[in-house]
Amino acid sequence: MKVKNREPAKQENNIYRPIKGTIERIKKQTSDVSLFTLELEEPVHYKAGQFFMVSVWGAGEVPISVTSLARKSTRIEFCIRRVGMVTGRIHQLKEGDNLWIRGPYGRAFPLELAKGRDVVIVAGGIGIAPLRPLIETFMKRKKYKVSLLYGSRSPDDIVYLDETRKWKQQGVNVVLTVDRPTDGWKGNVGLVTTLWHLAEVDFKKSVAFICGPEVMIRAAMQDLFFFGMPEERIITTLEAHMKCGVGKCGHCYAGKLYICKDGPVFSYKEIKEQSILNLGF
Ligand SMILES: Cc1cc2nc3c(=O)[nH]c(=O)nc-3n(C[C@H](O)[C@H](O)[C@H](O)COP(=O)(O)OP(=O)(O)OC[C@H]3O[C@@H](n4cnc5c(N)ncnc54)[C@H](O)[C@@H]3O)c2cc1C
Ligand code: FES
């Protein structure tokens, strides 16, 4: 029997094809978080809220959010916390070394919801990473009143500290808080969810974007809903263990949805209706 020659899959259409990036700059943020700026071999078009699968040869691949301003570019930034095997290897790399990325994947933040409204941004720890391009976008557009409530473990764990000062100078109402103060810290102490009174907005008329540990996300969403913010305007981005990033392997299945493909950005309404998080009611 004659076997038909099969057309080889076009490489550029391969959803798993990684693009090589060279690390141009590593900027240490805290003892376990660094900002990596990559120059890629070809441009990628990404938006705030989307993520890439980032890999290191011999170690593996991890999902990481875009932390640079949305655009089509060969330049991209990732803010990465060292937690385990792959992120540990990434933190051993130096400027000039290579990382491979594939994506962008997932839904972006629905920026259109903020049109004509005030914006509350709630971040916990490394959760500030995907929210940074959002803050930058609102600042660039100049039409928005933005309040950022950002909680960290300690003053030494504040990621983008320089930038929070810049954001403040440019009109963002920046409210920082820490769990454990150190000598000299004069700011707020306690959970971000104890600082709602410092957000200079009318919650009923605003939109919220939240990212951080799951326990913080749950508490923040429930508070905002309680204050009268419509559930479709309470937006968060969720984490899950991921392998493929494109809805094929089932690793990130939650409720009835895939976090990688249907998220990672969801509204509180979707989270409740699709039982994505255990909200305790
Ligand atoms: C959509 C998305 C975007 C993300 N964006 C960022 C980002 O911008 N910056 C950043 O630093 N991290 C981000 N993460 C988390 C990052 O992917 C994990 O920290 C990373 O996968 C850990 O891999 P590792 O091999 O270093 O750790 P491992 O050795 O695999 O694990 C170390 C510990 O972390 C836990 N862990 C691993 N992966 C996850 C996960 N996805 N969710 C919860 N716990 C996990 C493990 O259970 C274990 O306790 C994101 C995750 C997702 C799903
Ligand atoms: S990571 Fe494979 S289905 Fe989401």
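Predicted model: local features only at pLDDT ≥ 70, side-chain atom pairs only at ≥ 80, totals over all residues.

Biologist: Let us start with Thr30: between which two strands is its loop found?

Modeller: Residues are numbered from 1 along each chain as its sequence is written, chains are lettered from A and ligands numbered from 1 in the order in which they are written, and side-chain values use heavy atoms, with hydrogens and water left out. Strands (E, at least two residues) and helices (H or I, at least four) are DSSP runs, numbered from the N terminus. The loop that holds Thr30 runs between β1 (19-28) and β2.

Biologist: Is Thr30 buried or exposed?

Modeller: Buried means under 20% relative accessible area, exposed over 50%, and partly exposed in between, using a 1.4 Å probe and protein chains only. Thr30 has a relative accessible area of 5%, so Thr30 is buried.

Biologist: Which residues does Thr30 touch, not counting those up to four places away in sequence?

Modeller: Contact here means heavy atoms within 4.5 Å. With residues up to four places away in sequence set aside, Thr30 touches Asp156, Asp157, Ile158 and Val159.

Biologist: Now Thr194: what is its relative accessible area?

Modeller: Thr194 is found in the loop between β10 (188-189) and β11 (207-211). Thr194 counts as partly exposed because its relative accessible area is 47%.

Biologist: Which residue's backbone oxygen does the side chain of Thr194 reach?

Modeller: A polar contact is a pair of N or O atoms within 3.5 Å; within protein, one must be able to donate a hydrogen and the other to accept it, and residues adjacent in sequence count only if both atoms are side-chain atoms. For the side chain of Thr194, the distance is 2.6 Å, and the backbone oxygen belongs to Leu191.

Biologist: Why does Arg102 count as buried?

Modeller: Arg102 lies in strand β6. Its contacts, leaving aside neighbours within four places in sequence, include Tyr16, Phe52, Glu61 and Lys243. Arg102 counts as buried because its relative accessibility is 4%.

Biologist: Which side chain does a polar contact of 2.6 Å join to that of Arg102?

Modeller: Among the residues in contact with Arg102 are Met53, Glu61 and Cys244. The 2.6 Å polar contact joins the side chain of Arg102 to that of Glu61.

Biologist: What are the buried residues of helix α1?

Modeller: Helix α1 spans residues 85-92. What covers its buried residues includes β2 (33-46), β3 (51-56), β4 (60-65), β5 (71-81) and β6 (98-105). The buried residues themselves are Val86, Thr87, Gly88, Ile90 and His91.

Biologist: Which element gives the largest share of the shell around ligand 1?

Modeller: Of the 19 residues around ligand 1, Pro63, Cys79, Arg81, Val86 and Thr87 come nearest, where being near means having a heavy atom within 4 Å. At least two residues of the shell come from each of β4, β5 and α1. The largest share, 4 residues, is supplied by β4.

Biologist: How far is a backbone N or O atom of Val86 from an oxygen atom of ligand 1?

Modeller: A polar backbone atom of Gly84 is 3.2 Å from an oxygen atom of ligand 1. For a backbone N or O atom of Met85, the distance to an oxygen atom of ligand 1 is 3.0 Å. For Val86, it is 2.9 Å.
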